[in-house]
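Please look at the sequence and the structure below before reading on.

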Amino acid sequence: MTEEIIIATPDSPAPEEPLKGAELIRREAALAPDKPGVYRMLGDDGEVLYVGKAKSLKKRVLQYAQGRFHTQRIARMVALTREMVLIRTDTEGEALLLEARLIKALKPRYNVLLRDDKMFAEILVRKDHEAPQITKHRGAHSIPGDYFGPFASTLAVNNTLDTLQKAFLLRTCTDNVYASRTRPCMLHQIKRCSAPCTGVISLEDYKNLVGQAHDFLRGKSRKVIERMSTDMMQASDNLDFESAAHLRDRVRALNHVAMSTSVDLNEEEADVFSVFAQGGGACVQAVFYRAGQNWGDRAYFPRVDSEDSEGTVLDAFLGQFYQDRQVPRLILVSHDLNEPDLMMEALSLKAGRKVQISKPMRGGKCEIVQHALNNAKSALGRRLAEHSAQSKLLQGVAEAFGLDAPPIRIEVYDNSHLGGTHAVGGMVVAGPEGFMKGQYRKFTIRDLDTKPGDDYAMMAEVFRRRFMRLIKEKDLPEGEKAFGKPDLVLVDGGQGQLDAVLGVMAELGMADVRIVGVAKGPDRDAGLERFFMPGRLPFMMEPKSPVLYYLQRLRDEAHRYAIGANRQKRDKAITQNPLDDIDGIGARRKRALLAAFGSGREVASARVEELQKVEGISAALAQKIYDFFHGEG
């Protein structure tokens, strides 16, 4: 239970000069409750400067007004404070969870911030079908089934799925494909699926395979391997050498995974976090163990201050990391947390069971943490070196295009279509940290007045939609904006594309945005690109210039992204069946219609009387199908 308190003094006369900084905080502290909660410090225009938790809001807020023992960063934050918002909670553990949630949502300037916050991939064994499908999954657990993860990389998921296919022959096809099969697919032919779709294996036997896969993913790999080995020897004794060879291959696949990923964690599920800070940066190396198997690792680079200790970084990191992820029973860390008991209380509250946080000092667990720490040191060293090189490149970009400072946000645009069809625009974003893939966007060309293949009109539509949204969001708080304003915009194309987008920007009142056209060289040769800018003759850069190579990378990334979006639209159009758009046609009726007529085109040309003869198709539904294809539905 939380209660938001906005401190105000309506009975007091308004001062001539609004209170700010330490004076404002002192007044708020006098009115704050002596209860646990979360406080927000706001600056000009409502910008959220800092979010913190407190065992006592009154005592914690008062500390900021005393002016003692503050770092330079805290002193700057206090001086910028113009308003405070307090939220009271029942317990300090609830305050910690709420603090992490608000930091993640609002991204305050002065908090340690987890920036790379992608959803991890998982393996899902669905439970909403008679023959459970196994598939890769990201996002919320909204589909009924068993989820196994997290896997730190897509490669780790794909490798595990590949092993599961070899060992347990579970289907990976969608329900629609499953329902429409009349004979086993190629995966069955290469012994990657047991083909429950056509009855090659009974549903009961298939469920036994699913149970074995569950056991393996839950860490009972030895039990599964022993069972398969017994079945293999039995088949050999019965002279069924083909089955024995098949079981041998399955055992080999499982043994490879079990031997390469097993670790002595006493069959516990555990996450390992090692942090290393240096040179104003920090790296948190995360390693994930489930049922004694290493399911991958990932390096994170949270936004920190040079004065933050490793314990402070871990405190903030863990709270934000587990906001939308399952919490394991054991968390191993490389440094002591500032408030370990409070963190365990909060994570136990979130998980609904006891969570243990430990800093191992010796033994196998200590070696695992130390190995992760060594990886964190190496990753941060590479990061700092790359950041230094990136800073020089951005400085070179600023000099090349006459910017006052190195660009923080660069947007690059390209269009893609095939003969004017499936036209799509792509926007990629880059900055000091490299490509910002979470900010990429696709724009389906929707303007009916746009002539197919008119690249100028397509680029103008993309710019109009992107920057109209920016105008609509200008009054929103910084944390709620979908995009920021770019410092530099690169357009794939020459003077024609540049003139088209400059007209749009002038129309929207955003002519101050620096826009550059990048035209490919003769015969599309890299290194001979020409650059177009308003009020300046087209120019070229030195062919071996590092800045030119960097701009080529940006242009090529936009090109790759736009072509990929166009290919996705084409693939979707190819695989889409018109029967999918008819209400009342599910998987079984679709399968019956395709079996009766052979294709969607033949269904479209069938008469009502012919459609009625198909099992499951009533007279009313037959008329509905006929009308759909003949323009009356």
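Which residue of β20 does M533 stand opposite? M533 faces R536 in that strand. The model is predicted, and the points below are grouped by topic.

**Confidence**
- The average pLDDT of the chain is 82, and 88% of the residues score at least 70.
- Where pLDDT is low, the predicted coordinates should not be read in detail.

**Strands β18, β19 and β20**
- Strands β18 (residues 515-519) and β19 (residues 530-533) run antiparallel and are joined by three bridges.
- Within this pairing, A519 stands opposite R530 of β19.
- Two bridges link β19 to strand β20 (residues 536-539), again in the antiparallel sense.
- The hairpin of β19 and β20 has two residues between the strands, and G535 takes a positive phi near 70° there.

**Helix α13**
- Helix α13 (residues 363-401) has 39 residues, so at 1.5 Å a residue it should span 57 Å; its end C-alpha atoms are 57 Å apart, which agrees.
- After α13 comes G402, with a positive phi near 70°.

**Nonpolar cores**
- The largest nonpolar core contains 30 residues, and F273, F321 and I331 have the most contacts inside it.
- Elements that each supply at least two residues of this core include α4 (92-106), β8 (270-278) and α11 (310-321).
- A second, separate core has 29 residues, among them I134, F168, C197 and W295.
- Beyond its neighbours within four places in sequence, I331 is in contact with residues including D271, F273, Y322 and L347.

Notes: Residues are numbered from 1 along each chain as its sequence is written. This is a predicted model: local features need pLDDT of at least 70, side-chain atom pairs count only at pLDDT 80 or more; totals for chains, interfaces and linings use all residues. Side-chain values use heavy atoms; hydrogens and water are left out. pLDDT is the predictor's confidence in each residue, from 0 to 100. Helices (H or I, at least four residues) and strands (E, at least two) are DSSP runs, numbered from the N terminus. The expected span of a helix is 1.5 Å times one less than its number of residues. A nonpolar core is a set of buried Ala, Val, Leu, Ile, Met, Phe, Trp, Tyr and Cys residues joined through side-chain atoms within 4.5 Å. Buried means under 20% relative accessible area, exposed over 50%, partly exposed in between (1.4 Å probe, protein chains only). Contact means heavy atoms within 4.5 Å. Two strands pair if DSSP finds at least two bridges between them.
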